[in-house]
Amino acid sequence: MKNFIKTVVSFVAGAAMGGVVAYELAKRKFASRIEAEIESIKNMYKEFDNQTKAYSAKNKPDIDVIVKAIDNEDTDKVEKKSKPGKKNDTPKNESEYTNYSAYYAPDETQTEAVPEVKKPYVISADDYGATDYKCKSLIYYADGALTEEGSDVKLPVKKTIGSNTKRFDERGIMYIRDDEREIDYEVIKEKSTYAQYHSDGNDNDE
């Protein structure tokens, strides 16, 4: 019985030792193969890099050649621009030249100052008659007509008092100054129309 156990133990121990040895051998074998593959890949990339560098160096443009080509191109352009034209294109005398300055001559009529038109404007009651201007009284009717007080002759509204037809005070009076004619107007607002006012016999016949 003891011999049998020894035999089994020896067999197991031998098998274990054999397995360890086989593992180590396989490990070394695969390690060496992996190292060989890695080295092969390194060599392949190294060769590829060398080929790329060699190709780049071989096909690299020469700076001197490029600069020379640019200089030649610029020289050709300058020569083309400075090359004289045909004899038929050259004016024979000054009369054949177009005088473009005449087209851009300043227009003296446009540079003259335009006189400012002085329009009638509203003044205060205190300013009325405060100057050497003439003073006149006007009547502004409900229908928009305008006359001088004591007259039935209609006056041009805008030319006489301008656009100041709604500037009457609470008394129905406004004062206008016309610097162009040097006149101060006292304008009285009438509630009736021109026709009604003059039909009632309000005219002051001279």
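Mentor: Two strands are said to pair if DSSP finds at least two bridges between them. Please keep in mind that this is a predicted model.

Trainee: In which sense do S4 and strand S5 pair, and over how many bridges?

Mentor: S4 and S5 (residues 183-189) pair in the antiparallel sense, over six bridges. Within this pairing, Asp178 stands opposite Ile183 in S5.

Trainee: What lies between the strands in the hairpin of S4 and S5?

Mentor: Four residues lie between the two strands of that hairpin, in which Glu182 takes a positive phi near 60°.

Trainee: In which sense do strand S1 and S4 pair?

Mentor: Strand S1 (residues 121-123) also pairs with S4 in the antiparallel sense, over three bridges. Here Tyr121 stands opposite Arg177 in S4.

Trainee: How should I read the two faces of S4: are they covered or open?

Mentor: The general idea is that side chains in a regular strand alternate between the two faces of the sheet. In this structure, one side of S4 carries Ile173, Tyr175 and Arg177, while the other carries Met174, Ile176 and Asp178, and all of these are buried. Strand S4 (residues 173-178) thus has six of its six residues buried.

Trainee: Which residues form a nonpolar patch on the surface?

Mentor: Phe30, Ile34 and Ile38 form such a patch, with about 290 Å² of accessible area together. Of these, Phe30 is found in helix H1 (residues 2-59).

Trainee: Why does Phe30 count as partly exposed?

Mentor: A residue is partly exposed when its relative accessible area falls between the buried limit of 20% and the exposed limit of 50%. Phe30 counts as partly exposed because its relative accessibility is 47%.

Technical notes
Residues numbered from 1 in each chain as written. Predicted model: local features only at pLDDT ≥ 70, side-chain atom pairs only at ≥ 80, totals over all residues. Heavy atoms only, no water. Patch = residues over 30% accessible without salt bridge, like charges linked within 9 Å, V, L, I, M, F, W, Y side chains within 5 Å. Areas by Shrake-Rupley, 256 points an atom, 1.4 Å probe, with all protein chains shown as cover. Salt bridge = Lys/Arg side-chain N within 4 Å of Asp/Glu carboxyl O. Buried < 20%, exposed > 50% of the residue type's maximum accessible area, 1.4 Å probe, protein only.
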